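Welcome! Here are a few notes to read with the model open beside you.

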Amino acid sequence: MDRVEKYIRSGIKKNIYTAASLRIVHHEKTSFDKAFGLLDPADPSRKVEASSLFDLASLTKVFVATAFMRLVEDGQISLDRPVVDVIPQFSGNYKNKVTFCHLLSHSSGLPASVDLYQNGEWKQGKEVVLQKLISTALVFKPGTRVIYGCPGFIILGYAMERIAGSRLDKVLTQLLFRPLRWKDILYKPGAEFMERIVVTTYERPNRGKITPGTVHDGSAIALNGGISGNAGLFGTADLVSALGELFYNGTFLQQRTIDEMTRLQAQFGGERRGLGWKLHSNDRSNPARVFSESSFGHTGFTGTLLWVDPKNKLVVTFLTNSVHFYKDKTDAEKFNVFRLGLYEEILNEL
C-alpha cells in the first residue's frame, strides 16, 4: 500500500486537509490502518493517530439509521408507519403520507435544508427549533422524488426519542454502542477526549471559533448542542469501519434487515437510495463509483466517508477535515476528485 500512503500524504501537501485517517478492511482482515497530519495545525507536536476522533458529520445518519432498524427488529416501530403516528404535529400538505421508509430513503418530500441556526431560533430551545422543522412544507409528494438532505433525519432522530423515551445519544448507546462495546464514538465528547480530537476548522460564518469536540453542522448545534439525527457524532476510523463490517458479516443485524437497508428503496435521476445508505451509481455525484455495483456507503461534509463493497468484501473508511480549507463549492469538488483518485489507488493495490 505504498502508493496509497504516498497519495494520502500528498493531500496534506496540497492543502486538501490537515488530518486524515484511512482504514481498509479486505476479506475481514485489516490491510491498511494509518493516520496522517496534525490534530491541530497550530501545534506541530500533536500528531494524528489511529485513535484520533473526527467530526463524522453526516456519517452520523448511517449510525442513526442502523439504530432505528434495531427498533424495527424489536417490533417497536415499522418502516411503513406514518411519521404522524409518532409526531402528531407532522401533518398537512401530504405529510400524513410520509412514512419512516420515506425519511430513511430521502424521499419524504422535505427540502434539502431548513435554516435552524442562522436566524437564532436555537436560542429559544430545542422544541422551538423542532416546531419550525416539523411545520416546514413538503416540496414534492412523498415517494415521487429523492432529495438528499438533513431535515428528514433530524425528524427521524426526534421520532426515535419519542419511541424509546430517551434522548437520542442515549438511544444510540443503548441500541448500538453498548451492545457492541464501542466507546470511541459519541455525541458531545467530554474533556477526557479533547487530546484525541482533530480540529475540524477554526471558524465558520456566523459561528466564530469552533472548539474541538463542537460539531461543525449548524442544525445539529441547534438541537441539544450537537445531538441530532443528521450529524453530531465524533468517532475513530476503526469504529466507523466496524459499522460497515456489520453489513456483510451478519454478526449483529438480522440478514433481512441488512438486505432491506441496502436494496434500492428510492431513485430519482442518478440518485439511488437504500435505508440510510447511498447506493452505487455511475453518476458523477457518487464519490465511490469505482467500486462494484453492489456497493453502498455515505459521506460527511467535513470530509468523511464510509464505503462498503460486499462483492469484494471491502470496507473503506476515510476520515479527514477537508472542510478546513473550504471557501466555496469548488473546494469541495476538488476534494471529491482527490478522494476518487484515492479509491482508484486502493483498488490498484489490492
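1. A word on naming before we start: helices and strands here are DSSP runs, a strand having at least two residues, and they are numbered from the N terminus. Please also keep in mind that this is a predicted model.

2. With that in hand, have a look at Phe 193, which sits in the loop between β4 (185-187) and β5 (203-204). Is Phe 193 buried or exposed? Its relative accessibility is 9%, so Phe 193 counts as buried, the cut-off being under 20%.

3. What does Phe 193 touch, leaving aside residues up to four places away in sequence? The partners are Leu 53, Lys 183, Asp 184 and Leu 186. Ser 52 lies 141 residues from Phe 193 along the chain, yet their C-alpha atoms are separated by 9.0 Å.

4. Next, find Asn 321 in the loop between β13 (314-320) and α10 (329-349). Asn 321 has 1% relative accessibility and therefore counts as buried. Its side chain makes a polar contact with the side chain of Thr 18, at 2.7 Å. Beyond four places in sequence, Asn 321 touches several residues, among them Tyr 17, Ala 19, Phe 54, Val 198 and Thr 302.

5. Finally, turn to two helices, α2 (residues 60-73) and α6 (residues 168-180), which pack at an angle of about 90 degrees with their axes 9 Å apart. That angle is why α2 is roughly perpendicular to α6. On the α2 side, the residues that meet α6 include Phe 63, Val 64 and Arg 70, while Leu 172 and Phe 177 are among those from α6. By class, this contact has eight nonpolar residues, one polar and one charged.

Methods
Residues numbered from 1 in each chain as written. Predicted model: local features only at pLDDT ≥ 70, side-chain atom pairs only at ≥ 80, totals over all residues. Heavy atoms only, no water. Axes fitted to C-alpha atoms, helices over the stretch in contact; angles between N-to-C directions. Helix = DSSP H or I, 4+ residues; strand = E, 2+ residues; numbered from the N terminus. Parallel < 35°, antiparallel > 145°, perpendicular 65-115°, else oblique. Contact = heavy atoms within 4.5 Å. Nonpolar A, V, L, I, M, F, W, Y, C, P; charged D, E, K, R; others polar. Buried < 20%, exposed > 50% of the residue type's maximum accessible area, 1.4 Å probe, protein only. Polar contact = N/O pair within 3.5 Å; in protein donor to acceptor, adjacent residues only side chain to side chain.
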